[in-house]
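Dear colleague,

I am handing over the structure below, and my notes on it follow directly after. Please read them with the structure open beside you.

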Amino acid sequence: MKEVPAKVEHNNTWVVIKLGIGEDRIVLPAPVNKEILFKTVVDVAERKNILIVTAKAESEVVVKILSVEKVLQILKKMILGTCNAYRLMAYFMSPAIRGGVMITGAQWEKGSVVVVHTGIWFVSATKQVCVPVSDVAAIELTKREVQGKPTDVVRIDHLESGEVVSSLVLCPLSTLQVLFNFLKDTTKGMDMKGTELDSVDQQVAMLIYSGMDSHAIENMLNIPHKQLDAIYDKILKLGLAEVVTIRREVQLTAKGVRYISDATKAQTN
Amino acid sequence: MGKILIVDDTLFMRTLLKNILFSGGHTIAGEAGDGEEAIAKYKELKPDLVTMDVVMPKMNGIEALKGIKALDPAARVVMCTAVGQEQMVKLAIKTGAKGYIVKPFQAPKVLEEVKNVLAS
């Protein structure tokens, strides 16, 4: 078993340990005292340089590991190779398209696609890319030109830093169909069915995305504040937006009016 | 800051772009609702930059781009495309477009692309 330096979250603080990496498990020594078999891992997520591993044996265990990129890469590769997840060998291109444009030099890589609870992982000998399920915007079975021939691929559109990025998966059609169905099922929580917005609501959503504030939206669409408020309520309820700032409209009291009257007099005298 | 011609068949998109470009300190030279009108307005207004929608009635954005490039090979045209139109973008860049922005628009990205193209 190899030992590598890492920090692990334990009782809400980060502790430095010598993390043991075996063929089928990781060992977290004292004060954590835990052993996690890779085959019991049901979820792997990554937030910057923290790996969040969820295992389910008799009870659920969540471990947060912070380490250098090289160590995390080894861990990801080993865990994703044997964890309890939907896995298939495939060629993938991730990212393939950014903002609607093919990425120059993007190439097909041989590896596997691993679908865990919170993400879709693309794993090859040299990289592990995760697309969080919550960032998936669309999954489509489509055709793409591969070596000059139109070929069936699964296209996964996801958001990355506010931009739509697409990844492509290529494997035999029957497997592709299974993957497509599985991904659709995994991401059905993100399904937009029943999310009926009328054209004004859609325009408001688009203007919010474009960075317009309430005042600009009211002016652009020529709608009163109350109507915009009602549309905000609708899209908030549907989970399409979140409140970031509450602005106040105020009017002056008698004291305030006296104050500005005096100030104006002082300026004109 | 530049004088910009906005070409899009929907009033909503034109208004949105106008607002974004105004907020970035640009002047709107004019607006066109299809490719033919875009070429005519380009001839008349000589803008510093054109934002050009790809899918439009009468004449699409690619054809209008060709028309504008025939009039002025140095014309700066930024294509406005939707996600999934990567082949269109490739074709537009080949035809001479200087840049592209993707719908739905995000104000900072639009202003950044316009700034880059105006500086080119």
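The secondary structure of chain B comprises five helices and five strands, where helices (H or I, at least four residues) and strands (E, at least two) are DSSP runs numbered from the N terminus. Read from the N terminus, the elements of chain B follow the order β-α-β-α-β-α-β-α-β-α.

This is a predicted model, in which local features need pLDDT of at least 70 and side-chain atom pairs count only at pLDDT 80 or more, while totals for chains, interfaces and linings use all residues. Residues are numbered from 1 along each chain as its sequence is written, and chains are lettered from A and ligands numbered from 1 in the order in which they are written.

Of the 120 residues in chain B, 44% are buried (20 or more other C-beta atoms within 10 Å of the residue's own, with C-beta atoms placed from the backbone). Among the contacts in chain B with a separation of 6 or more, 59% join residues 24 or more positions apart, a contact being two residues whose C-beta atoms, placed from the backbone, lie within 7 Å.

Within chain B, Ile20(B), Leu21(B) and Ser23(B) of α1(B) meet Ala107(B), Val110(B), Leu111(B) and Val114(B) of α5(B).

Turning to the two chains together, the contact takes 17 residues from chain A and 20 residues from chain B. On the side of chain A that touches chain B, β9 (101-102), α3 (199-209) and α4 (214-221) of chain A each supply at least two residues, and α3(A) gives the largest share, four residues.

With best regards

Definitions and conventions:
Buried ≥ 20, exposed ≤ 12 C-beta atoms within 10 Å, placed from the backbone.
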